[in-house]
Amino acid sequence: MTDMSDTGMSDIAAGQRVLNEAAPKMIARDVDVFYGDKKAIDNVSIDIALENVTAFIGPSGCGKSTFLRALNRMNDTIASARVTGKIELDGEDIYSSGMDVVQLRARVGMVFQKPNPFPKSIYENVAYGPRIHGLASGKADMDQIVEKSLKRAGLWEEVKDRLAESGTALSGGQQQRLCIARAIAVDPEVILMDEPCSALDPIATAKIEELIHELRGRYAIVIVTHNMQQAARVSQRTAFFHLGNLVEYGDTSEIFTNPRATRTKDYITGRYG
Ligand SMILES: Nc1ncnc2c1ncn2[C@@H]1O[C@H](COP(=O)(O)OP(=O)(O)O)[C@@H](O)[C@H]1O
Ligand SMILES: [Mg+2]
């Protein structure tokens, strides 16, 4: 095979590459995202696999958060934002008029950069979603959902004796795990995390990374990170974005040891960032 790694062609070829999954959990095809007249995402196609962590990396402003928000229609909340192209969850068009957006965001949950628990009790933070979605048949059932979600988020032991205390009284790392428990409580299929550790210290970060590792067998996880070591540690797939383009997507080990595109190589070797 010809080595095209020093031509512009390789960027294009790699950027169009989608993985040959038997049944990807989500697919995006030819997705553009605009803010007013400005195109922030340009023709991105990607498959998101089940039971995998997919990392979105790339320099600040390249469109990682914008594309992540397209995956559960969080861009709908930004007045100037417009998404074109196709995004499917289990083969269903998430932008179709029949799609219930509240339901979609339960199925494709989100954890944000800054932990944002509700100013309510720890218990209520987790119980809120299941309640509005009618997932619990009574108090005992809800107690169980809350306990199970907090356990899965690795927070139960730390909070089981103080469930009535405010979620905002927890440490930053605990608050982020509470937000993960809140996402888990409504039984999501995909969890989107936008730089979930950027406001956390190294110990809290390590806990979240460990948790991501434990959760991956159960959900499709997409994590935005500008920390390449973190991408290498937690993900199986990595997508490199630059200036609104998906430059390259593949196995994390391949992306970090044998990138195809010059732009990827330059980024991971720290030539720009
Ligand atoms: N709400 C918004 N309104 C207008 N432009 C935005 C908005 N959010 C992001 N952008 C622009 O879109 C581009 C991609 O931003 P973003 O998705 O936040 O990048 P990243 O997450 O990779 O840092 C940037 O040029 C940014 O300024
Ligand atoms: Mg961002």
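At what angle do the axes of helix 4 and helix 5 cross? Helix 4 (residues 122-132) and helix 5 (residues 139-152) have axes that come within 9 Å and cross at roughly 110°. Axes here are lines fitted to C-alpha atoms, for helices over the stretch in contact, with angles from 0 to 180 degrees between N-to-C directions. Helices are DSSP runs (H or I, at least four residues), strands likewise (E, at least two), numbered from the N terminus. So helix 4 is roughly perpendicular to helix 5, a label for angles of 65 to 115 degrees. The crossing is right-handed.

A quick note on provenance: this is a predicted model, where local features need pLDDT of at least 70 and side-chain atom pairs count only at pLDDT 80 or more, while totals for chains, interfaces and linings use all residues. Residues are numbered from 1 along each chain as its sequence is written, and side-chain values use heavy atoms, leaving out hydrogens and water.

Back to the helix pair: on the helix 4 side, the contact (heavy atoms within 4.5 Å) includes Ile122, Tyr123 and Val126, and on the helix 5 side Met142, Ile145 and Leu150 are among the residues involved. By type, the residues of this contact split into 9 nonpolar, 1 polar and 3 charged.

Leu150 also turns up in the largest nonpolar core, which has 44 residues; Leu150 is among those with the most contacts inside it, along with Ile57, Ile180, Met193, Ile212 and Ile221. Such a core is a set of buried Ala, Val, Leu, Ile, Met, Phe, Trp, Tyr and Cys residues joined through side-chain atoms within 4.5 Å. A second, separate core of 31 residues includes Ile87, Val108, Val222 and Leu246. In soluble globular proteins, nonpolar side chains tend to be buried together.

Ala231, in helix 9 (residues 228-234), counts as buried at 0% relative accessibility. Buried means under 20% relative accessible area, exposed over 50% and partly exposed in between (1.4 Å probe, protein chains only). Ala231 and Ile57 sit 174 residues apart along the chain, yet their C-alpha atoms are separated by 7.5 Å. Beyond neighbours within four places in sequence, Ala231 touches Ala55, Ile57, Thr225, Thr252 and Phe256.

Notes. Chains are lettered from A and ligands numbered from 1 in the order in which they are written. Angles under 35 degrees count as roughly parallel, over 145 as roughly antiparallel, 65 to 115 as roughly perpendicular and the rest as oblique. A crossing is left-handed if the near helix is turned anticlockwise from the far one by less than a right angle, and right-handed if clockwise. Ala, Val, Leu, Ile, Met, Phe, Trp, Tyr, Cys and Pro count as nonpolar, Asp, Glu, Lys and Arg as charged, and the others, Gly among them, as polar.
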